[in-house]
Structure formats: structure tokens, C-alpha cells
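Reader: I have a chain open here and want to go through it with you. Can you start with a loop and work outwards?

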Amino acid sequence: MLKLGLNRLITFLNAINIYLVLPLLVLIVLSDIMLRFFINSPIVWAHEVSGLLLICLFFLAIPYCIQSKQLLHVDIAYNVMGRKQRLCANFLSQLLILGFSVLLVCQGYLGVIDSLSYDGRAYTVNIPYWPFYGLITFVGLICAGQSLLELLTQFTSDSLENDSVVSKMGSDHL
């Protein structure tokens, strides 16, 4: 039940990324290029807002990459591993994701506190920084939850049966 709710939240965040953040980023960058090229008058705030949108794009994509198992791993090495080695590799990768997530939560939280204390804002447009630090904290919590659920799943059931690499190879390589 918890995993289903987390998956729905991640799918919703990915939809925000695809249908809102990315088109807005493309629109701002293209508008800035066109205005700079044709009338030699770029949008003053375009660079800074584009950077903030890139932060959103990147951090909103992390949970979806974890969910769809699109993380970087060496297929050649993973394909020749035995069952126990894969379990160990999956366990270690989930521990690394958990550690990274804890760092995201800590740094995001400190950023929220700091930007609220000093009223941190963008220079060219009046956008506060604390929501972006809040997004980093939120994504860190989601990734930590994903990692913990994966670790629990790995110990309670045979999670390699659901692994796309294993299902493509068949059981003769296990």
C-alpha cells in the first residue's frame, strides 16, 4: 500500500516535470534567444529562471529514475554476475541511494533555514530560494523512502525475479 502511494506520487511529480517544467524551460530559453537575435534585447531574468527550472527538472527526475530502474550501472558486469552477486550489488546500490538521500535531506533543510533567515532571493526577479531547497529536501525524503522500501523488499521476497535484466536473460544464467 505504501509502495503504491509512493509510486503514484512519483508518477505525479514526473508528470509535472514533463508537462510543466520542461515546456516552460523551453519557452523561456527560446524566447530569450529569439529576442536577443531579432531585436537585440534579451530577457534579463531568463538565465536565472532557467537555472532554477533546471534544478526542478533534475531533482524531480531522480525519484522516477530510481523507480524505473534507469540508474547507471555497468550492464556487462551485471550480466555476468551470479544471483548472490546481484543481490549484493542491489543491496549496496540501495545503501548508496539511501546515503545520498540523507545528504539531500540535510542540505536541503539547511538551505531552507538559511534562505528563510537571510531572505535569499534571485537577483533579477523576486523569486525566493527556499521553495527550491524545500524541493531538494522533499525529493531526498522520497528517495530515502524508495531505498528503504527496496531494501525491505529485497529481504522479504525474491526481488530479482522482477528485475528486467534477469527476465530478459532468462533463468539459465542464474
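Author: Start at N40, which sits in the loop between α1 and α2. Helices here are DSSP runs of H or I with at least four residues, strands are E runs of at least two, and both are numbered from the N terminus. The model is a predicted one, where local features need pLDDT of at least 70, side-chain atom pairs count only at pLDDT 80 or more, and totals for chains, interfaces and linings use all residues. Numbering starts from 1 along each chain as its sequence is written, and side-chain values use heavy atoms, with hydrogens and water left out.

Reader: Is N40 buried or exposed?

Author: N40 counts as exposed, because its relative accessibility is 65%. The classes are buried under 20% relative accessible area, exposed over 50%, and partly exposed in between, with a 1.4 Å probe and protein chains only.

Reader: What about the phi of N40?

Author: The phi of N40 is positive, near 50°, and the residue is not a glycine. Most residues other than glycine have a negative phi.

Reader: Which residue just after α2 takes a positive phi?

Author: K69 does, at about 55°. D119, also not a glycine, has a positive phi of about 50°. D119 lies in the loop between α4 and α5 and counts as partly exposed, because its relative accessibility is 47%.

Reader: Step back a bit. How many helices and strands are in the chain?

Author: The protein chain has 6 helices and 0 strands. Of its 174 residues, 33% are buried. Among contacts with a separation of 6 or more, 74% are between residues 24 or more positions apart. A contact means heavy atoms within 4.5 Å.

Reader: Now α2. How far does α2 reach from its first C-alpha to its last?

Author: Helix α2 has 22 residues and reaches 32 Å, close to the 32 Å expected at 1.5 Å a residue. The expected span is 1.5 Å times one less than the number of residues.

Reader: Where does α2 bend?

Author: At A61, by about 25°, with a proline, P63, following within four residues. The bend is the angle between axes fitted to the seven residues ending at a position and the seven starting there.

Reader: And what covers the buried residues of α2?

Author: The cover includes α1 (2-39), α4 and α5 (130-156). Among the buried residues of α2 are V49, L52, L53, C56, F59, L60 and P63. E48 and S50 are also buried in α2.

Reader: Change of topic: pockets. Which residues line the second largest pocket?

Author: The lining is F58, A61, I62, C65, I66, L71, I97, F100 and C143. A pocket is defined on a 1 Å grid over the protein atoms alone, as an open set of points where a 1.4 Å probe fits, with protein on both sides within 12 Å along at least five of seven lines; lining residues have an atom within 4 Å of a point.

Reader: How much space lies in the second largest pocket?

Author: About 150 Å³. Grid points are joined across faces, edges and corners, and the volume is the space filled by probe spheres set on the points.

Reader: Which helix gives the largest share of the lining?

Author: α2, with 5 residues. α2 (46-67) and α4 (83-117) each supply at least two. By class the lining has 9 nonpolar, no polar and no charged residues. Nonpolar covers Ala, Val, Leu, Ile, Met, Phe, Trp, Tyr, Cys and Pro; charged covers Asp, Glu, Lys and Arg; the others, Gly among them, are polar.

Reader: Then α4. What is its length?

Author: Helix α4 has 35 residues and reaches 51 Å from its first C-alpha to its last, close to the 51 Å expected.

Reader: What does F91 touch?

Author: F91, in α4, touches L151, Q154 and F155, leaving out residues up to four places away in sequence. F91 and F155 are 64 residues apart in sequence and 9.5 Å apart C-alpha to C-alpha. F91 is partly exposed, with a relative accessible area of 28%.

Reader: And V112, buried or exposed?

Author: V112 is buried, at 15% relative accessible area. V112 touches W130, Y133, G134 and T137, again without residues up to four places away.

Reader: What is S115 in contact with?

Author: Leaving aside neighbours within four places in sequence, S115 contacts G120, Y129, W130 and Y133. S115 belongs to α4 and is buried, with a relative accessible area of 5%.
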